[in-house]
Amino acid sequence: MKKLLLLLALVLSCGLASFAETVTDILTASIFGVTGTGQYNDYSWTSKETGVKYAGQFAQDKNNALQLRSKNSNSGIVITENTNGYKIVSIKCTVSSGSKTWNVYADETAYTSASQLYAIAANGNKIKGTSIGSNNASATIEFTGENADKFEFAGIRSQSGALYLTSVEITYETGAGNVKDPAGLVYAETEFTVEVGKEFTAP
């Protein structure tokens, strides 16, 4: 009987396939409609693909890269709306030039401005969210371990000085990760007799 139950469990697990769907927003200076060079302004953009809204303060350099700074403690990019509740899987920053460190923070509630990515002692403000990681080159920071399937909101800032990014790619899981669909396997119909109390051997 135990062998029969084990066989049935194996068949069921083989007949179902698990998959996780992801979607990626790619943020660039042109996406935000930045014009000119070196002029820091507030920008926002809502992705038609994910419904996520991004906002922040930054400029554009002569190479059309996003230009973030730490001066004034208000420059960066944050997620202010995530209407579909998509969970962040990873954030990839492609550095245009230089080797300034970029920081990633994440929280379970929305950011309102990039200034929340800074600790301002004079105002008693602390950095909003959890530090996920940092790097001083082009890299991808994965939301793994205790940070996996947890955060819908995040922010990117320069740790110190001017930071130049060609793009920021944020990948989300769309919520299909727990969905199981038939794997398309076909099994031939088989009849057999099982006698209670006797060992069963699969045909």
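Reader: How many of the six residues of β8 are buried?

Author: Six of the six are buried, so β8 is largely enclosed by the rest of the structure. Buried means under 20% relative accessible area, exposed over 50%, and partly exposed in between, with a 1.4 Å probe and protein chains only. Strands (E, at least two residues) are DSSP runs, numbered from the N terminus. This is a predicted model, in which local features need pLDDT of at least 70 and side-chain atom pairs count only at pLDDT 80 or more, while totals for chains, interfaces and linings use all residues. Residues are numbered from 1 along each chain as its sequence is written, and side-chain values use heavy atoms, with hydrogens and water left out.

Reader: Which way do the residues of β8 point?

Author: In a regular strand the side chains alternate between the two faces of the sheet. Here W102, V104 and A106 point one way, N103, Y105 and D107 the other way, and all are buried.

Reader: Which strands do bridges join to β8?

Author: Two strands pair if DSSP finds at least two bridges between them. Five bridges join β8 to β9 (residues 130-135), with A106 opposite T130. Six bridges join β8 to β11 (residues 153-158), where D107 has F153 as its bridge partner. Both β9 and β11 run antiparallel to β8.

Reader: What does the side chain of N103 make a polar contact with?

Author: A polar contact is a pair of N or O atoms within 3.5 Å; within protein, one must be able to donate a hydrogen and the other to accept it, and residues adjacent in sequence count only if both atoms are side-chain atoms. The partner of N103 is the side chain of Q159, at 3.2 Å. N103 has 7% relative accessibility, so it counts as buried.

Conventions: Helices (H or I, at least four residues) and strands (E, at least two) are DSSP runs, numbered from the N terminus.
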